[in-house]
Amino acid sequence: MKNNEEPSSGLSRGNHRTPGGPSLPDSIRMRTTGSPVRPDDAASASLEKPALSLFPMSLTEALVEEANIELAWKNVKANRGAPGPDGITITEFPDWFRPRWNAVRQQLLEGTYQPQPVRRVTIDKPDGGKRLLGIPNLIDRLIQQAIVQILTPMFDPGFSESSYGFRPKRSAHGATKQVRRIIRRGYRYAVDMDLSKFFDRVGHDALMARVARKVRDKTVLQLIGRYLRAGVLVDGHFQATTEGTPQGGPASPLLANILLDDLDKELESRGLRFVRYADDFVIFTRSKRSAERVFASVHRYLTRKLHLVVNLEKSRIVTTEELEYLGFCFVGSRATINVSAKSIHRFKHRIREITGRSRGISMDHRLQELARYVRGWMGYYALASQLKLFASLEQ
């Protein structure tokens with residue numbers, strides 16, 4: 001959900017400016033006492049210090065602290081994205097935010113802030129299904145990002161080494177390389193389990209119980225709960241959210257990792273080799289019989305302990321040569337990383353869509369869109385060892 005908004009260059013005098021885009025006003029930056037802290041320094045430091053020494057103040061005070069809000073705005077601005085229900089864009093936000101921050105900050109400190117419903121957006125999934133997104137207003141995107149920044153150094157150091165999704169210094173490429181290492185160690189079967197509509201079905205009580213294991217600040221816990229229950233606007237009509245953590249907000253990936261960390265720890269306690277990227281995970285065994293036992297026991301754990309739904313139609317046991325993971329496949333005993341056939345098919349289909357003459361857009365716009373898509377695709381799949389494939393696609 002990205003748009004083509006250009007950063008504003010006409011901010012009013014007296015505002016702190018970040019090169020390349022709109023910035024938050026001085027009234028935000030002057031609230032921190034003591035020596036000034038650059039946002040990048042605060043971010044790197046927060047990942048290095050032990051969790052208990054991170055915040056000498058309360059978590060709520062850390063949430064609204066100047067450096068944290070500045071860093072949150074920097075991240076939200078970099079991610080761009082479409083407006084929420086209120087229609088306010090990235091370029092419009094600083095002017096909208098400036099006169100309102102003091103009131104919002106006080107509400108956050110007092111525990112009275114009420115997030116607004118998100119805007120429902122439906123996008124097509126590669127497998128033909130639909131993915132439901134919830135696009136928050138920018139103010140709620142900013143606050144969610146600020147929450148993520150104070151919770152990540154508390155939770156992330158304890159996450160599994162086999163978890164790669166939406167974590168600092170980890171990526172889909174890292175997950176793919178780990179799959180290759182496991183296969184090379186002689187694991188020839190994969191339990192590929194699909195969680196049905198995971199982000200839409202997360203139980204709020206189960207999730208909040210796991211967040212509360214490390215978060216003792218009741219104001220922050222209440223705020224997270226309010227975001228989960230904020231509801232969605234579907235064609236302008238409000239719908240309550242009694243379960244799920246809508247994709248589209250900054251907090252959703254971290255909350256998913258917090259819940260699924262229990263799964264990671266369970267698999268580790270059993271001595272199983274696995275790789276997880278968000279809700280997409282695969283478990284490896286040396287034999288088919290072992291894979292069948294693992295499938296049955298993990299299915300029971302997911303349904304009875306985490307109260308999640310396993311899509312039995314899409315979940316399967318395969319040889320590692322048949323496995324497709326994060327758009328890649330793995331060939332031979334050396335698990336050579338290649339682009340999967342499905343990914344190539346989707347690439348060609350998308351190219352035909354972009355270049356189709358029936359779209360009613362100019363040739364220049366079409367070529368720009370095509371160049372952006374091809375660069376992104378090539379950048380992601382550059383991990384694959386298929387020089388001939390990339391040469392043919394470039395032509």
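**Figure 1. The whole chain and its surface.** The protein chain exposes about 20,200 Å², and carbon and sulfur atoms supply 50% of it (Shrake-Rupley method, 1.4 Å probe; for residues, only the protein chains shown count as cover). This is a predicted model, in which local features need pLDDT of at least 70, side-chain atom pairs count only at pLDDT 80 or more, and totals for chains, interfaces and linings use all residues. Residues are numbered from 1 along each chain as its sequence is written, and side-chain values use heavy atoms, with hydrogens and water left out. Of the 395 residues of the protein chain, 47% count as buried (under 20% relative accessible area; exposed is over 50%, partly exposed in between, with a 1.4 Å probe and protein chains only). The chain holds 16 helices and 11 strands (DSSP runs numbered from the N terminus: helices are H or I with at least four residues, strands E with at least two). Among contacts (heavy atoms within 4.5 Å) with a separation of 6 or more, 71% join residues 24 or more positions apart.

**Figure 2. Helix α7, residues 138–155.** Here is a helix to follow from end to end. Its 18 residues should span 26 Å at 1.5 Å a residue, and the end C-alpha atoms are 25 Å apart, which agrees (the expected span is 1.5 Å times one less than the number of residues). In α7, 18 of its 18 residues are buried.

**Figure 3. Helix α4 (residues 66–79) packed on α7.** The two helices meet at an angle of about 120°, with their axes 8 Å apart (axes are lines fitted to C-alpha atoms, for helices over the stretch in contact; angles run from 0 to 180 degrees between N-to-C directions). Look for Asn68, Ile69, Leu71, Ala72, Trp73, Asn75 and Val76 of α4, which meet Leu138, Arg141, Leu142, Gln145, Ala146, Gln149 and Ile150 of α7. By class, this contact has nine nonpolar, four polar and one charged residues (Ala, Val, Leu, Ile, Met, Phe, Trp, Tyr, Cys and Pro count as nonpolar, Asp, Glu, Lys and Arg as charged, and the others, Gly among them, as polar).

Figure 4. At 54% relative accessibility, Lys197 counts as exposed. At 17% relative accessibility, Leu326 counts as buried.
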